[in-house]
Amino acid sequence: MNRRRFARLGLYAFAISAALFFLAPLYVVLCTAFKPPSELRGASLLALPLAPTWQAWSRAWSHACTGLACDGIRVGFWNSVRITLPAVLLSVSLGAVNGFALSMWRLRGASVLLGLLLVGAFIPYQIILYPLVTLVAAAGLFGTLPGVICVHVIFSLPILTLLFRNFYASLPPEIVSAARVDGGSFWSIFWHVIRPLSSGMIIVAVILQFTGVWNDYLFGLVFAGREHLPMTVQLNNLVDRTYGENDYSVDMAATVLTALPPLLIYLLAGRYFVRGITAAAVKG
Amino acid sequence: MHAVSVRDASKRYGALPALDGLNLEVRAAEFVALLGPSGCGKSTLLNVIAGLEELDAGSVHIADRDVTRLEPHRRDIAMVFQSYALYPTMTVAENLSFALRMAGTPAAQIRKRVAAVAELLRIGELLARRPAQLSGGQRQRVAIGRAIVREAGLYLFDEPLSNLDANLRAEMRQEIRRLHQRLGATMIYVTHDQVEAMSLASRIAVMRQGRIEQMDEPQAMYAQPTTAFVAGFVGSPPMNLLPGTLRRTGGHVWVELPGGPMPLGSYRFSVNAPDAPDAQPVTVGIRPEDVCVRAGDDARQWNAACQCGDARAACFELPVIAREPLGATCIVWCQFGTERLAAMIDSRAAAALPSRVRLQLRADRISIFCARSATRL
């Protein structure tokens, strides 16, 4: 009994120290973001702000200079929203349809296609960046919102297709057979029978995709064009100043603002995320 | 009420032939059971008729229409699956109405048909539930209901009762028989359970390695199997198959069995037998209930159904090696040469059986198969 309690204590000690280790940077970021400029130099990095203020937050949001423009990070926020929402919606829908087609319908060459997808899912972006730029430019989409959205969708399709395919492969194929006898077409079976079954997987895919696209830096920088730079790129421009004075509290506030949307998604849907992953693991 | 005709159907999975030039004719309003061991191609055949799988060669005709290349829902069929395959996210009512909704049936008519089917299958109080909230038997009822709500001309059943426990299976068997009488539709029923096939079907097709081995009415198939395979597959326990030699000397036809000679008496040979030579190796088949058992020299007969009085019938004295009580009857296993011979007798009589018994085989009930081709002589 005693030994057990001791072991439990050790466990807690480990968990708490791990949590502290990972939370420490977040603590510093939040503390600094609430400090007025006067406190930045004098006090220790770890000290709590003496006179907490929202000043840095509002500056970061609407006045901070990123490059030449001084409209704050909100410009990037709305750009990111305009990139992320369509990219997530498109890629998750296409991934689900692809996965359905590959798992439930006997298509010629489906296994070859699946192998190619697997390869595609693990190719690092950087390798094909240059050919992709040429390709997107040839399509006349370089430096536009549809261009960057397209690139995101294309790159996430392999992994999303695999995710959905494996989930659908775990469903009894007789359900689709029954629906085919009952008069469903490919699309009506997908919409009426398969889609309602996939809510767990859809949440998983949305979280993965939203986080991935929102946190993306490279594609946004290369493909979006000056007018549509996403929040991550703007954050970098804000923090990486080559002249003037560094206002650390503004940097920190902007960082938190940029990281907030994926964080909120996790907090709101994390429960379903874990559930979806386990469901896929158990059934697959 | 569609007639179904499958002609020269072939299908392979890689190197494995699932259907091998198969022909099947099902008459309108008939109840045909496809019976066979697993891997014989019976489910493949059903899926081919349904249009869920494509043939490599051959054609499928439903109601005199070539449907070989048609999608399942254009074939005017309905199907019940082994795993029920209910749509998990829909309520029972939505499951029942799915096909009608897909076909664009007016809502008022859908309500009427669903209500009628729910009443017929006594699932009215389940309409608002989801499949996960139903028991196995209830799910099976819903699956059948989903099929019959279509009012199709052909119903296909793919081992629908194999996931149910024994009592429920007997109950659902009656239910399906009742439905067939009531709907008057053509039904094709895949099963590996011969009790189901015997009790439900108007004709049984026994399948083996992608071909139909024999297709006949249940009683005819039971009494006169055309091949040794069918003899050894139908019946529980199946027909005893004993190696022997067919002799014809001096106008008499008899079989030499390991335990002694057996006169054939009134055995009716099929057409291909008369040309057969003397001393032809054969397999003699006899149903366990057609084996008469007597205890030693005791004149008493142990199974009443059997007439052992025939003095010309050969008598064998054999050791009993095992007894298998089944309730009303008991299977007695005897050593017959190198073979095991099963006899089915009254279970009260079996209890008093000595360790050696005398047996007679009813000559008018035996089947004789060519040892080489395994076909009936």
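How many salt bridges are there between chain A and chain B? The count is 3, where a salt bridge is a side-chain nitrogen of Lys or Arg within 4 Å of a carboxyl oxygen of Asp or Glu. This is a predicted model, in which local features need pLDDT of at least 70 and side-chain atom pairs count only at pLDDT 80 or more, while totals for chains, interfaces and linings use all residues. Residues are numbered from 1 along each chain as its sequence is written, chains are lettered from A and ligands numbered from 1 in the order in which they are written, and side-chain values use heavy atoms, with hydrogens and water left out.

Chain A comes first. Its secondary structure comes to 13 helices and 0 strands; helices (H or I, at least four residues) and strands (E, at least two) are DSSP runs, numbered from the N terminus. The C-alpha atoms of chain A fill a box of roughly 75 × 70 × 30 Å along the principal axes. Of the 284 residues in chain A, 42% are buried. Here buried means under 20% relative accessible area, exposed over 50%, and partly exposed in between, using a 1.4 Å probe and protein chains only.

Now for the place where the chains meet. Chain A brings 16 residues to the contact and chain B brings 25, contact meaning heavy atoms within 4.5 Å. Together they bury about 1800 Å², with carbon and sulfur atoms giving 61% of it; this buried area is the accessible area (1.4 Å probe) that two parts lose on being put together, summed over both. On the chain A side, Arg180(A), Val181(A) and Asp182(A) lose the most area to chain B, together 38% of what that side buries.

Two of those residues also take part in salt bridges. Asp182(A) pairs with Arg150(B), the closest N and O atoms being 3.5 Å apart. Arg180(A) pairs with Glu71(B), again with the closest N and O atoms 3.5 Å apart. Glu71(B) sits in the loop between strand 5 (65-66) and strand 6 of chain B and Arg180(A) in helix 8 of chain A, so this pair joins two chains. Glu71(B) is partly exposed at 33% relative accessible area, whereas Arg180(A) counts as buried at 13%.

Helix 8 of chain A (residues 174-181) deserves a look of its own. It is largely enclosed by the rest of the structure, because 8 of its 8 residues are buried. Its buried residues pack against helix 4 (74-104) and helix 9 (186-194) of chain A, and also against parts of chain B, including strand 6 (77-80) and helix 4 (136-148). After helix 8 of chain A comes Gly183(A), with a positive phi near 100°.

Gly51(B) follows helix 1 of chain B, and its phi is positive, near 90°.

Over all chains, the salt bridges number 20. One of them joins Glu171(B) to Arg141(B), with the closest N and O atoms 3.0 Å apart. This pair links distant parts of the chain, with Glu171(B) in helix 5 (residues 166-183) and Arg141(B) in helix 4 of chain B, 30 residues apart. Glu171(B) is partly exposed at 39% relative accessibility, but Arg141(B) is buried at 10%. Both belong to a network of salt bridges that also takes in Arg122(B), Glu175(B) and Arg178(B).
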